[in-house]
Amino acid sequence: MRIWDSHVHLKHGDAEGTEYPARDIVATMDAAGIERSVVFAMSTTTERSVEMALEAVRQFPDRLIPYVYALPHYGRSVLDEIESAIVDSGFRGIKIHAGECTLAEYVVDPVFELAGRHGVPCLIDCLGNAGAAERLARAFPGTIQIVAHMGRYLATDARLLERFIALAEAHQNVFLDLSGVVLLEQAQKAVRRLGSGRLVFGTDGPQRAPDTASYARLAIRKIDALDLADEQREDIFWGNIARLLCLA
Ligand SMILES: [Zn+2]
């Protein structure tokens with residue numbers, strides 16, 4: 001079975017801003033049986049996120065797929081940098097993290113508008129802010145919003161995750177990323193209510209827990225443990241993200 005990982009960090013948002021070189025990411029993918037991965041950096045400028053992803057993809061063009069990190073800059077607009085990454089350098093999506101920028105209209109709306117215009121998805125970690133995700137889904141029906149972690153990283157609040165399932169139910173442009181989901185019964189519920197077409201597999205790796213390959217294998221096993229038909233498994237592990245990125 002093919003596996004594509006829709007959520008991999010060249011640089012994490014942890015306190016240390018942990019970075020992983022492309023060769024370590026690909027070695028992890030090889031060990032876990034992952035064919036391709038979406039990679040991006042955060043906790044850095046948009047400009048640096050482009051440099052890091054370009055360098056990684058230059059080394060492994062057939063394995064890694066770049067996203068640009070959207071971070072507002074007080075000195076200049078980053079919209080031109082994001083657009084250039086997509087148009088000139090083949091970036092396939094945009095990462096947004098509410099931990100490092102506000103999701104207020106005046107910050108995030110121009111990024112969503114740009115993403116819709118260029119047909120690339122926004123992978124957004126909204127830190128559980130269902131209201132903000134809902135506003136964006138409604139305001140930009142032509143922009144694909146991939147909600148990281150089904151709404152909140154390692155959420156233990158089933159009702160919060162249910163709000164995001166309902167959001168995806170109400171808005172065709174909303175997809176849910178299954179990385180960092182610990183309430184697997186909510187992932188199963190999402191399959192029941194949405195079908196498999198709006199869920200994407202991701203690891204949120206690399207993580208040394210205990211080592212990067214074991215961490216990735218565990219993420220795969222968790223989704224594998226869901227009650228899924230073969231074609232549903234294929235959608236979630238590979239087909240949906242490949243179609244979203246026009247790489248199917
Ligand atoms: Zn992440």
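## Group meeting talk: a walk through one chain

Let's start with one unit. Strand β6, helix α6 (residues 158-170) and strand β7 form a β-α-β unit, and the unit is right-handed. Keep in mind that this is a predicted model.

Stay with β6 and β7 for a moment. β6 covers residues 145-147, and three bridges pair β6 with β7 in the parallel sense. I146 stands opposite F175 of β7. Now look at β7 itself, residues 174-177. V174 and L176 point one way, F175 and D177 point the other way, and all of them are buried. In general, side chains of a regular strand alternate between the two faces of the sheet.

What comes next along the chain? β7, helix α7 (residues 184-194) and β8 make another β-α-β unit, again right-handed. β7 and β8 also pair in the parallel sense, over two bridges. Here L176 is the residue opposite L199 in β8.

Is D204 buried or exposed? D204 has 23 C-beta neighbours inside 10 Å, so D204 counts as buried.

The loop has prolines to show as well. The peptide bond from G205 to P206 is cis, with omega near -15 degrees. P206 lies between β8 (199-200) and α8 (212-224). A cis bond also joins A209 and P210, where omega is about 0 degrees. P210 is in the loop between β8 and α8 too.

Next, L127. Phi of L127 is near 55 degrees, positive in a residue other than glycine. You will find L127 in the loop between β5 (122-125) and α5 (130-139). L127 has 15 other C-beta atoms within 10 Å, so L127 is partly exposed.

Now to the other end of the numbering. Which residues of strand β3 are buried? Six of six, residues 64-69, so β3 is largely enclosed by the rest of the structure. L64, P66 and V68 point one way, while I65, Y67 and Y69 point the other.

β3 has partners. β2 (residues 36-41) runs parallel to β3, and three bridges join them. V39 stands opposite P66 in β3. β4 covers residues 93-97 and pairs with β3 in the parallel sense, over three bridges. The bridge partner of Y67 in β4 is G93.

A closer look at α2. The helix has 14 residues and reaches 20 Å from first C-alpha to last, close to the 20 Å expected at 1.5 Å a residue. Its buried residues are T46, S49, V50, M52, A53 and A56. What do they pack against? The answer is β1 (4-11), α1 (22-32), β2, β3 and α3.

Take A53 from that list. Leaving out residues up to four places away in sequence, A53 touches L10, V39, F40, A41, P66, Y67, V68 and F91. A53 also belongs to the largest nonpolar core, which has 77 residues. Those with the most contacts inside this core are V39, A53, V68, I94 and V147. As a general matter, nonpolar side chains in soluble globular proteins tend to be buried together.

D14 is in the loop between β1 and α1. D14 has 11 other C-beta atoms within 10 Å, so D14 is exposed. D14 and S43 are 29 residues apart in sequence, yet 8.5 Å apart in space, C-alpha to C-alpha.

Finally, the whole chain. How many helices and strands does the chain have? Nine helices and eight strands. Its C-alpha trace spans about 50 × 40 × 35 Å along the principal axes. For 248 residues, a compact globule would have a radius of gyration near 18 Å; the chain has 16 Å, which agrees. Buried residues make up 46% of the 248. Among contacts with a separation of 6 or more, 71% join residues 24 or more positions apart.

Definitions and conventions. Residues numbered from 1 in each chain as written. Predicted model: local features only at pLDDT ≥ 70, side-chain atom pairs only at ≥ 80, totals over all residues. Buried ≥ 20, exposed ≤ 12 C-beta atoms within 10 Å, placed from the backbone. Helix = DSSP H or I, 4+ residues; strand = E, 2+ residues; numbered from the N terminus. Pairing = 2+ DSSP bridges. Expected span 1.5 Å × (residues − 1). Contact = placed C-beta atoms within 7 Å. Rg over C-alpha atoms; globule rule 2.2 N^0.38 Å. Core = buried A, V, L, I, M, F, W, Y, C linked by C-beta atoms within 7 Å. Right-handed = clockwise from strand over helix to strand, strands pointing away.
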